[in-house]
Structure formats: structure tokens, C-alpha cells
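Notebook open, structure loaded. I want to go through sheets, rings and the chain contact in turn.

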Amino acid sequence: MKTAAEAPTRIRSRWSAYVTTTRYIVLFALVCLFLIPVYVLLVTAMKDPAQVSPSRMWQLPDSFSLDTFGAVWPVLEPGFRNSVLMAVPASIISSLLGAANGFVLAKWRFPGADIVFPLILFGMFIPYQAILIPMRELLTDWNLVGGLSGLILVHIIYGLPITTLIFRSYFVTISDELIDSAQVDGAGMIRTLAFVALPIALPAFAVSMIWQFTSAWNDFLFGLVLTSTNSWPVTVALNNIAGGQVVPFHEAMASALLASIPTLLVYVLMGRFFMRGLMAGALKG
Amino acid sequence: MSEKTSENQAAPATTLTAAISTREPVGIRLENVSKRFRGGVEAIKDVTLAVAPGEFVVLVGPSGCGKSTLLRVLAGLEEVSSGRIHIGDKDVTTQLPQQRDVAMVFQSYALYPRMSVRGNIGFGLRMRGIGKDERRRRVEEVAQVLGLEHLLDRRPAALSGGQRQRVAMGRAIVREPQVFLMDEPLSNLDAKLRVSMRAQLTLLHKRLGVTTVYVTHDQTEAMTLGQRVAVLRDGVLQQVDTPQQLFHHPVNLFVAAFIGSPSMNFVHATVSNGAASFAGVRIPVRPDSPLARGDRKVIVGVRPTSLSLASGNGQPELAVTPAIVEDLGDERFVIFDVDAPRVDTEATRAAVEAQAADDALLVPLDRATFTARLPAGTPVTVGEPITVALDPDRLHFFDPATGASLEEATSLTRGASSR
Ligand SMILES: Nc1ncnc2c1ncn2[C@@H]1O[C@H](COP(=O)(O)OP(=O)(O)OP(=O)(O)O)[C@@H](O)[C@H]1O
Ligand SMILES: [Mg+2]
């Protein structure tokens, strides 16, 4: 009670200093644990080939060098390009279609919407392995195996349940009167979606893009099954580098690091759209 | 309405006539319109209503009575379950909102949050394929009329409540629609702003002459804005009349209780030998009224303004003890109870609950409570008995069973008006 007069008035327990310290120590320990693989990844990728060995895994390199990155890049580059060409359209188209689905399910209700939505969600729970063979057969019939287009199509469709869910959940929260207002102003479904609903749904779009891009980029199975060597995505190419007879650890690590940059980049770029308050001002006072 | 004459409102309105071309106004006709929601709620029951070209009709009623639903049905945002809707001489019952030439101001304003004020106001024009230059011109004209010029490039989030309200209004005006539909557009403004916006709305309607249906549950708004007022209860249209008629000749208990503030006082009474009596007062009914013959039970309605301090001029008098005196500056509300059973019908309850202020709760519940509206100087003190006089010519009689007005029977002054 005496200290309250001197120190800035805070409501806190007597133990709060210890509690805070302990909390930070625990958190820091967990962060370290979590980052160990990243540490190994980084230091190994920057080591001189001669220094790389499992016994010296934990040691920092004598000199940091980026040579390995330069060395693996040419091998990785075609796969990298394929992955970009595949993941970008797959995530954009899947997000847009998901937005349209979500909008219709949330705000432009039609009879049967309550049956359609669970059916779409059901798609999320179908295991990849179960559909792999029929899918490959179907795409072969359609002449879509080998190139990227088949893979893109598969990622778009496989992404729809989750993107639909993301957008539906988001659109449910926006005011009905906003949609009504657009209608009275003369906009039909498509224009209401494009001009009114989508601009508000940027946060949902960011979530959907990050999710879709990451899963399309990181996919290995579909890429392996549906594409030929020329169209291999980076994950398959990576496997080839890492899968040689003698495992060149530093090259594998450098390639893995390179291959993970785009997903990080997408997260950083899109993350800023996670901001709140896009609905601000729509409603009274 | 004194607000009408204030200068700052008159100025923009003159510009308005120049700015916005006037179109031939059209009427609206609702024929036996019913709306039943999936799930069985019947929000509108067999409503038939004709709005004359250029008329300003206000829809009032307690919360949940179907006002918004009726408006949404007019806009095409809800399908009717049965009945037909005509705008002008077109049957629009099956038309989409986009096809009906109506503009709506929503209860929540519903501004597009990611568009500037300019974008918001111009959106309807853009959707209707109006070119960029004309759009710009019209948006700027309307913005000027509404005093929004300096805000055109702001987002709605950066506007005050009143400014948002004006943007919502601008969005409706700019399209020059055949019909304005407004759903409690002023309900979220503070009291002062509401009064001034109310006046502006009246002016706006005078200048534009666009047929307007306006929803409110504020009866002051209803009485001041409406050329005619439609009272809705549980989806059923009770009475459509001028504010004057509504106030002086309500067709039933509900309308009588709903219209007027403070509410009409009600008391159970018996009519026999040509006079109605309650709490020891005898009020003679007109000799030519059917009530004059035979005996029956009635509910008597007395406006707070029909009560005055007794002056011995022969009016029926009532000795009472004030329980509450509310001083409002230029008038006093005196609340007292009367030695007669309280009128507690569904109709009066529904109407009074809608108007939050319920002084009645403070005084005994088994006896009727009256509110008198007396001039400021009237000498009244809580607890000191006074004698009040009732104006026998301004009483209302209702059937206790049906709630219907027995006025046709009692009043000669009225003739065959309204219904
Ligand atoms: N979409 C809907 N589905 C089912 N019932 C509804 C729907 N919309 C409104 N209702 C019901 O219809 C009735 C009328 O609602 P409405 O919104 O028209 O009332 P209101 O008169 O506008 O009330 P308020 O003054 O509170 O705005 C209410 O009982 C409401 O619960
Ligand atoms: Mg409403």
C-alpha cells in the first residue's frame, strides 16, 4: 500500500515479477527448441563442403559462405519455376472460386444451401491417397497428365473446400444490409461480389491465399504422380537433390532453404492484410 | 415546425431545385400483401395501402410489427407470400430490386466501407451504366446540397454519425428514383441533429416531390414528417390517415394509445342513462349518440391535454391527488391515479411498451393512472388534492371487447371521414 503512492499505479500481484521472469524463460526455452532444426539448416547450408559432417552438425562454420546456394540453384531452378507457375494460379483461382462459393452460401442464399455447404466441406476430409489412382486415371483420359495444367486443376479443386469455408465464415459476419443496399443500387450477384463483398474480404483473401499457396507449393504427392520430369515442381526436384547416393548435406539444406523462401514471402506480403477494421464505417455511428 | 425556417437549411434547398431534375412522381399500390417467413413468422398480414404520387407516408408501429419487412418487400428484397405491388402503373411484384426504380436508406446506413464517399454516392449510377463525367457532376451536385463536398474523398470510417447519415441520404437522392424508402434513417442521431435532419427531410421532400415511404417508431417523427401516417401492429394495418385525424379520431385502442405523447389515459366506465361514469364522475354523452340509449361498458380515453384544473365552468370534475409532477419548463405533467379499474388490454400494453417511458409503473397497478398536461404555472404539489376538469367533447369511447372506437356513434363533428 505504501508503494502505490511512489510507483505508477499498477494493479499487480506481489509475485508478478517472478511470474513474468519465469514465463519468459519458459517461452525462450521453447523457442530455442523450436528453432533447432532451422539453426542446423542455416549453418549447414553456409558451411564449406569439407566441414559438413553429422558429427559437426552443431558447430558454427569457420567461415560463412553462400557458395552452396549458387551451386544448387541451377539444378533447382526449373522446378522452382514450375512451382511458381503452378502455385500462383492455383491459389488465386481457388481463392476466387472459394470467395464466390462463400458469398453465395453466406449472403446470396439459395434453396438447398444448407445441404450444399456440408457436402463441399466433406471434400476436406477425403484423404489424398484414396483418390490418387482414380484421379490419375481421369486426368490421363483428359490428357492432362505430364504438364502443369492438370496439377493446377487438382490444386484448385482440392483447395475449394477450405477456401469456401474461409470465405463463408468471413462473409457471414458482414452486414446483410450492405448486400441489400448494393442490390437496391442496381448491382446483381456478380457485381455485388466484385465491388462490395470482395473488397471487404481482403483479410479472408489473404488467409486463403497463404493457405492455398503454402499447400500447393509444399505438395509432393500430386506433383510426383501427375507431372513428368520437365514439369516437376520444386518439391520433387528437391527430393532428387537430396535423394542421391551420398547425401550432400549442405546442398540439401541450401536447396530446402531456397525452396521455402516463397512461402515465407507470401506470408510476409499477405500477412499485412490480416489487419482488422475493414468494415469500419459501414454502419451507423 | 420552427426548424423549417432556419436559414442554414433553407439555403441548400434552393440549390436543390436547380441541381436535381424533377420527374413526374408516381404512386405505390399494395394489394393484400402478406409476407410469411420460412419458419412461419407472419410479418405482414393482408396489407392494402395506396400511396399517392409524391406523397410522404410514414409507417409507424412498435418494434417487430413488420415495418422493415414491409419496406423490404417494397424494395424487392423480400418476396411477397401473396398479394401484388404496383409502382406507378407497373406491377413490380416479381421484379428484382435492381429492376425497381427505388432507392433505400437503411437503418444501419450500410455504406460501402472500402469506397470513398464519392464512390458510395456514385455507386448506384455506376451500376446503372451512367458515364463517368455525368456521374461526377451529379455526385458533386448532391454532395453540395447535403454539405458533403469537403468529405468526398474520405472513407465512411472517417465520418461522424451525422455525416454517414447524409452520405446514405445522398446515395438515395443522386439516383433520382421513383420512390424513396427510408428505414429509421434518423434513429441513431442525437436528439438535436435528429430535429434538424427531420426538418431537412421535409424540405427535401417538398423540393424533390418524390414518393416516399418512411419507417420510424418515433411518433414525433411520424406526426411531423408524414402527410399520412400508417399505423402497423403485428403486421396488420390499423389506420392510415393524416396526423390530425390519427390524433383526434383513432379507430381503435391501439392507435389511440400509440399516437400522442404522453399517451392517452384510459379508464373503464359504464354508460347508462345517457352518461358515462367512472370514479364518481358522470360525463353526459351527446343525446344524439347511440350510446345515449341503453347501458353498456366502455373504455373511455382522455388525452392528457383534455384535462385541466377545474374552473367551475360546468365541465365534469374529478378530485385527485397528484402522485408525480414532472416539470418540463413550459408545461407540467401531473400523474395521479383514479379510483377506477386500470385498463390493461393487449392493445394498450403493446402500444405503450413501444414508448419506453412508462410512468404508470410507479403508481398503484390496480387502479387507472392518468397523466394531465397542464400549463407551467399551474399550482400543483405532490400529495395535495386538486380538482381536475375533463373536456366532455374530447373524450374517446372504445368497445372493451374489440377495442374498436365507438366514436362514429358519439361524435357528430367527425362525419364520414377516413374509414
Ligand atoms: N428473415 C426473417 N426470418 C424470419 N422472421 C423474420 C425475418 N425478418 C424479420 N422477421 C420477423 O418479422 C417480424 C417483423 O420484423 P421487422 O424487422 O419488419 O420489424 P420492425 O417493425 O422493422 O421492427 P423494428 O422497429 O425493431 O425495426 C419480427 O417478428 C421479426 O422477428
Ligand atoms: Mg426495422
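I started with a sheet in chain B: 3 strands form an open sheet in the order S17-S18-S19, and the pairing is antiparallel. Strands here are DSSP runs of E with at least two residues, helices are runs of H or I with at least four, and both are numbered from the N terminus. Two strands pair if DSSP finds at least two bridges between them.

The model is predicted, so I kept the cut-offs in mind: local features need pLDDT of at least 70, side-chain atom pairs count only at pLDDT 80 or more, and totals for chains, interfaces and linings use all residues. Residues are numbered from 1 along each chain as its sequence is written, chains are lettered from A and ligands numbered from 1 in the order written, and side-chain values use heavy atoms, with hydrogens and water left out.

Back to the sheet, 3 strands in the order S17-S18-S19 of chain B. Its edge strands are S17 (322-327) and S19 (367-375) of chain B, each pairing on one side only. Neighbouring strands are turned by 25 degrees against each other on average, direction ignored; the axes are lines fitted to C-alpha atoms, for helices over the stretch in contact, and angles run from 0 to 180 degrees between N-to-C directions. I looked up the S17(B) pairing too: 5 bridges join it to S18 (residues 331-341) of chain B. B:Pro322 stands opposite B:Phe336 in S18(B).

Next, the rings. I got 18 aromatic pairs over all chains (Phe, Tyr and six-membered Trp rings with centres within 6.5 Å; planes under 30 degrees apart are stacked, over 60 edge-to-face, the rest tilted). B:Phe266 and B:Phe398 have centres 6.0 Å apart and planes at 65 degrees, so I logged them as edge-to-face. B:Phe266 lies in S11 (residues 265-272) and B:Phe398 in S21 (residues 395-398), both of chain B, so the pair ties together parts 132 residues apart in sequence. B:Phe266 is buried at 9% relative accessible area, and B:Phe398 is buried at 0% (buried is under 20%, exposed over 50%, partly exposed in between; 1.4 Å probe, protein chains only).

Last, the chain contact. I found 32 residues of chain B in contact with 26 of chain A (heavy atoms within 4.5 Å). The two chains bury about 2600 Å² between them, 57% of it on carbon and sulfur atoms (accessible area lost on being put together, 1.4 Å probe, summed over both).
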